[in-house]
Amino acid sequence: MGSNAHTQASNAHLTTPTRLTGAEIVWATLVGEGVTDVFGYPGGAILPVYDALRKFPIHHTLVRHEQGASHMADGYARASGKVGVCVATSGPGATNLVTGIATAMLDSIAMVCITGQVSSKVLGTDAFQEVDITGITLPVTKHNFLVNCTEDIAPAIRYAFQIAKSGRPGPVLVDITKDAQQATAIFDFAAAKPRPYRPHPMLHAGDAELEQAAELIRNAKRPVILAGHGVIESGAMEQVRTLAERAQIPVALTLLGLGAFPASHELNLGMMGMHGEAWVNHAIQEADLLIACGMRFDDRVTGTIATYAQKAKKIHIEVDPAEINKNVKVDVALVGDLGEVLEKLLPRIPGRDGSAWLKALDNIKGASAVRDIKNLPDDGHLYAAHVMHDLWRITGGNAIVVTDVGQHQMWEAQYFHHEQPRTLITSGGLGTMGFALPAAIGAKTACPDKEVWVIVGDGGFQMTSSELSTIAQEGIKINIAIINNGFLGMVRQWQEFFYDKNYECTPLVSPDFVKLADAHGIAGRTVRTRAELAGAVKEARTAPGAYLLNFMVEQEDSVYPMIPVGSALHEMIRRPSKSPLLETPDDK
Ligand SMILES: Cc1cc2nc3c(=O)[nH]c(=O)nc-3n(C[C@H](O)[C@H](O)[C@H](O)COP(=O)(O)OP(=O)(O)OC[C@H]3O[C@@H](n4cnc5c(N)ncnc54)[C@H](O)[C@@H]3O)c2cc1C
Ligand SMILES: Cc1ncc(C[n+]2csc(CCOP(=O)(O)OP(=O)(O)O)c2C)c(N)n1
Ligand SMILES: [Mg+2]
């Protein structure tokens, strides 16, 4: 971290045009954009930029693999709502970022990635560590730039920030040749400002559409709000809540929408989709109106489109016109920022009596409303759902949970209840194993005062466990819960259901995770029974540094309900009644 003298110097750069090297311009522009933290890994083609870092008040976290840098920038962005920044060298450094960039792209996360490139004189000659990273990342970035002259660096980076955070957020890559980093130019921060962002003037919700939508809402008998990630990205939690409360409309959430509407709210139905609550999917199939707010009808949410919510009219409020009618045909499209659209829509929505439909939903919930891990006596087996539920209970839900991908991710979504936005950070669209540990480092960097938990499978943990070393070097306090089922569990579950239990290549031998943590100077312990759970969690929370809990859970447990691919939303595989986690009120 730079000193005050550095801060003053770099602030002077921002107000007075100054001659700087391209490398200095990179940092000065980032400072001007409000960046305080970046995640990266050095190498030859980005070395001038690294050499200039000491002059600027930016904290750099040295990762152990560039995939970690892009996930950290992503986790930082998801936790804070700011733009995450990562840095890598050319060639393998840049290609190692790609999985993290694609992860951010699929979940619409604002990120700026800066890569070094070989000198402009040798571009295209297969020079040492040359790859066409703008070509490689074209389909997984919102936009990218190849900058080969020093004068263009500041405008490109400023434009990258604007693109990353405007409209539908996304990752932007700025690739800068080494000679552009080394040469000098006048740095004029104000002059490098991009033209103001203006959404296409034809694409916004007009009075006619707003009135059509309001009429559908006023006349609906069985409406459901589908609240997605766009609610959080728009910051429209209040407006969604007002709509729900005023018109007494129940709210179903996507995985990435969890936290957008308080889990404890009486109108909260829970998560929809492949592993959503059974009653939520039934409610959607029975609805006569769906009001989709910042969600994109992902296939994990709809089941087979042909049979999706056939009784319902559909209103789609969405910032990206490309999403309208992409997966699900809608009756009214309201294009624009969700918060802004709802501000215009709300005055047209009077109070409404929704009691008949809410009562009907209580009946739909019926037998499946009590899933009762919470009430089940401890039979000596440790279930992942126990871990999630107890973690939620013990932390009071006041934590940022960063999950990896697999069964544990779905159990977290089902049993850890999120009241606040940005408290669940998870890779939804790309479903990237290895995401959790680095993304949590980013989240903790963004929110140092928050309690941060990683919930990760034994498989995914091993994909990026080298970042334990980053945690140790940075002295970051993160609690890690490995849900160790000895399997690539989610794949094993598919093999159990659809491939005659042929567990080909899914049993997993792992190292002793507690010893692995210890090798990094990180404390930890293995937990085998529910009786030990609360004490172990307390130990982790009160430990001064990072702490790893290795939960040895039931190996062949499955996530229920599950909609098989190709089935309708209501055609869910339910938990067999002999299984220990019963889903009937009798479990009490
Ligand atoms: C193993 C696994 C299982 C899964 N199972 C489920 C499941 O059961 N249920 C489930 O829901 N998901 C599930 N998912 C996640 C799923 O794949 C999708 O990632 C998720 O459903 C997408 O949610 P979303 O549409 O809310 O978010 P996104 O994909 O992030 O889409 C957000 C939408 O909001 C729009 N938007 C952004 N900003 C604004 C704004 N300011 N104003 C208006 N609109 C805006 C965007 O343009 C975009 O269309 C699963 C994922 C995995 C890996
Ligand atoms: C990088 C990557 N490779 C493969 C997959 C496919 N995949 C999805 S879930 C899963 C198993 C995850 O196993 P584990 O991390 O142990 O979590 P569990 O399901 O057991 O909770 C796999 C292999 C993926 N999502 N990401
Ligand atoms: Mg596993």
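1. The shell around ligand 1 is made up of 12 nonpolar, 15 polar and 10 charged residues. This is a predicted model, and the points below should be read as computed from it. In total, 37 residues surround ligand 1. H229, T254, H275, R296 and E318 are the closest of them.

2. Which helices supply at least two residues each of the shell around ligand 1? They are helix 11 (229-234), helix 14 (299-302) and helix 18 (407-415). Helix 11 gives the largest share, with four residues.

3. In the side chain of E318, an N or O atom lies 2.5 Å from an oxygen atom of ligand 1. With the backbone, a polar atom of M274 is 3.1 Å from an oxygen atom of the ligand, and a polar backbone atom of G428 is likewise 3.1 Å from a ligand oxygen. Of the 990 Å² that ligand 1 exposes when taken alone, the protein buries 96%.

4. Turning to the aromatic residues, nine aromatic pairs are found in the whole structure. One of these joins F297 and Y308 in an edge-to-face arrangement, with 6.0 Å from centre to centre and 80 degrees between the planes. F297 is in the loop between strand 12 (289-293) and helix 14, while Y308 is in the loop between helix 14 and strand 13 (313-318), so the pair ties together parts 11 residues apart in sequence. F297 and Y308 are both buried.

5. A further pair is formed by F487 and Y503. Why is this pair edge-to-face? The ring planes stand at 75 degrees, with the centres 5.4 Å apart, and planes over 60 degrees apart count as edge-to-face. F487 belongs to the loop between strand 18 (479-484) and helix 22 (489-498), and Y503 to the loop between helix 22 and helix 23 (513-519); the pair thus links distant parts of the chain, 16 residues apart.

6. Are F487 and Y503 buried or exposed? F487 has 9% relative accessibility and counts as buried. Y503, at 18%, also counts as buried, because the cut-off for buried is under 20%.

7. F487 has a charged neighbour as well: R492 lies over the face of its ring, 5.7 Å from the ring centre. Elsewhere, the charged end of R158 sits over the ring of F189, at 3.7 Å from the centre of that ring.

8. Ring pairs also build a cluster, whose members are W494, F497, F498 and Y560.

Terms used
Residues are numbered from 1 along each chain as its sequence is written. Chains are lettered from A and ligands numbered from 1 in the order in which they are written. This is a predicted model: local features need pLDDT of at least 70, side-chain atom pairs count only at pLDDT 80 or more; totals for chains, interfaces and linings use all residues. Side-chain values use heavy atoms; hydrogens and water are left out. A residue is near a molecule or strand if one of its heavy atoms lies within 4 Å of it. A polar contact is a pair of N or O atoms within 3.5 Å; within protein, one must be able to donate a hydrogen and the other to accept it, and residues adjacent in sequence count only if both atoms are side-chain atoms. Accessible areas come from the Shrake-Rupley method with a 1.4 Å probe; for residues, only the protein chains shown count as cover. Ala, Val, Leu, Ile, Met, Phe, Trp, Tyr, Cys and Pro count as nonpolar, Asp, Glu, Lys and Arg as charged, and the others, Gly among them, as polar. Rings of Phe, Tyr and Trp (its six-membered ring) pair if their centres lie within 6.5 Å; planes under 30 degrees apart count as stacked, over 60 as edge-to-face and the rest as tilted. Buried means under 20% relative accessible area, exposed over 50%, partly exposed in between (1.4 Å probe, protein chains only). A charge sits over a ring if NZ of Lys or CZ of Arg is within 6 Å of the ring centre and within 35 degrees of the ring normal.
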